[in-house]
Amino acid sequence: METAGRKAMDALRLKNLRKVVGYALRTPFYQARLKAAGITSPRDIRSLKDLARIPFTSKEDLRECYPNGLLAVPMSRVVRIHTSSGTTGIPTVIHHTKEDLAVWTDLVARSITATGAGKHDIFQNMMTYGMFTGGLGLHYGAERVGMTVIPMGGGNSRRQIQIMKDFGTTVLHITPSYMLHLHSLLAECKVTLKDLRLKKAYLGAEPYSEDTRRKIEKLWQIDAYNSYGLSEMNGPGVAFECEHKNGMHVWEDVYCVEVIDQRTGAALEDGREGEVVFTNLLREATPLLRYRTRDVAAILKGACPCGRTHRRLARIAGRTDDMMIINGVNIYPSQIEAVIMQVPEVGNNYQIILEKSGSLDSLTVKVEISSGMFKGDLAQIDRLKERIKDNLRASIIISPRVELHEPGSLPVFEGKAKRVVDDRAKL
Amino acid sequence: MAKQLNIFVDNKPGRLSAVTDILAGNGINIFIFTIQDRGDFGLIKLLVDKPEEADCILLGKGYASALKEVVLVSVKDQPGNLHRLATVLQEKKINLSDARGTVLAPSNLGLCCLEVDDIKSAEKVLKKAGFALVELADIYKL
């Protein structure tokens, strides 16, 4: 399948597109959407060109369908639920049937194999397990390949290094910032690269530059591969780099990828940067048609020397919205705002500062105390800061630094506020 | 007992002068002042002749200002008196959250401003130990 010709692949894609439209038509949401577009049956899809007739699906649509509005199969067929890691309040939910998970696992296994790894590799998964798809997605794919899987999950850095050493880990799945952070701890752990057998790392879950990849490869003396996925499209395994490390092959037998002008929705030709749109052709439980990812990237022109016919996605260049990615966690300023608005002692003006602290991101939230709310006590200030910090941590998972400022001291913006100051040096 | 003016300000140059500018413009006289550095913010603490009026003016200008009750005592300036003060408070388990003191040379008196949780008890035990309670209005009579 990976080297299939366009014609054979397109025939399969058409068959699967009809199938997924059939599943979508089982949900009231898509029944209404597709009917408006003149599609009431899978037979209305006559060629792949008809994909363009299907309206886009947005993240808001998914939220409005929370929790089960997009479920196209009986709940008895659902074997797992994942939700998005980021949240502006309501998460996006993806249900999976046993078959859905099998497709996902196969694609992850295919991705791993494309990097040249195999059953003789020891795979340490440092992505968070649970609702976040990065953990379980790679886990099952690696098992399918036959790798020896160490399901460490995130955090616990010194133990991660110890395990890498003791079990001779050869492949990691990790965020780029954590990979840099771990390197800074090697000396302290009295571990040198000679003590390790590391060969490869799969880097994902946050945007990073080509320079960062090179830096990681040099520091660790390994090959680092770019991985792309999003929970709405299963998770990791949507697009992955092969041994040539020059763009991520989108597994086009399963995903229809489009790049569009984010304002007009018009299709852009290969090589031009725009919002990436995916249709998952093989999902039963939660069919998603032309899903707008808000990720900005281009499809690379030309063939890959590896011989795979699946087109390649360039590194993600940015986001179409104001989402921040902080240590791999998706956070929107509106989440922080919602917490601040519930604290009567502080005003409505706030500022979010993102900085690098070592290799990790640090988040500072600045708020103003309300003029009449100050009681003259330092203890009150300390308690207030602690309370805001706790509330933020409960909402966004990450623990921020909270700064209180005097009324009227933070910059005031007219119109759309520029509240986020991202001082993280472009790596 | 006296009312102290506590003003929450950003820890950066110019914040004290912004406050003193307003107070001076309104004819408020400052007896004692201190400034606390708490990292991102600071606290300006002032004993002034008209605390309620000063507080109102500052709040009206949007400042985070508040009045806090403090204990003001005077005692003869001689060795051992601060120790006596500390001992009395310790015996009654009264905790000081902040304090400042100075000597008024002409009258040979020590003047102390104490921030404690329990104002009433502190005043009682200090009076009993020979310290004189001072009102703001009496400061110039010392």
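A residue counts as buried under 20% relative accessible area, as exposed over 50% and as partly exposed in between (1.4 Å probe, protein chains only). The structure is a predicted model, in which local features need pLDDT of at least 70 and side-chain atom pairs count only at pLDDT 80 or more, whereas totals for chains, interfaces and linings use all residues. Residues are numbered from 1 along each chain as its sequence is written, chains are lettered from A in the order in which they are written, and side-chain values use heavy atoms, with hydrogens and water left out.

Aromatic rings of Phe, Tyr and Trp (its six-membered ring) pair if their centres lie within 6.5 Å, and the planes count as stacked under 30 degrees apart, edge-to-face over 60 and tilted for the rest. Over all chains, eight aromatic pairs are counted. The ring centres of Tyr202(A) and Tyr225(A) are 6.0 Å apart with the planes at 65°, so this pair is edge-to-face. Tyr225(A) is buried at 2% relative accessibility, and Tyr202(A) is buried at 0%.

Phe374(A), Leu378(A) and Glu406(A) supply 42% of the area that chain A buries against chain B. Four salt bridges are counted between the two chains, each a side-chain nitrogen of Lys or Arg within 4 Å of a carboxyl oxygen of Asp or Glu. One of them links Asp377(A) and Lys68(B) (3.6 Å, N to O).

Terms used:
Buried area = accessible area lost by both parts, 1.4 Å probe.
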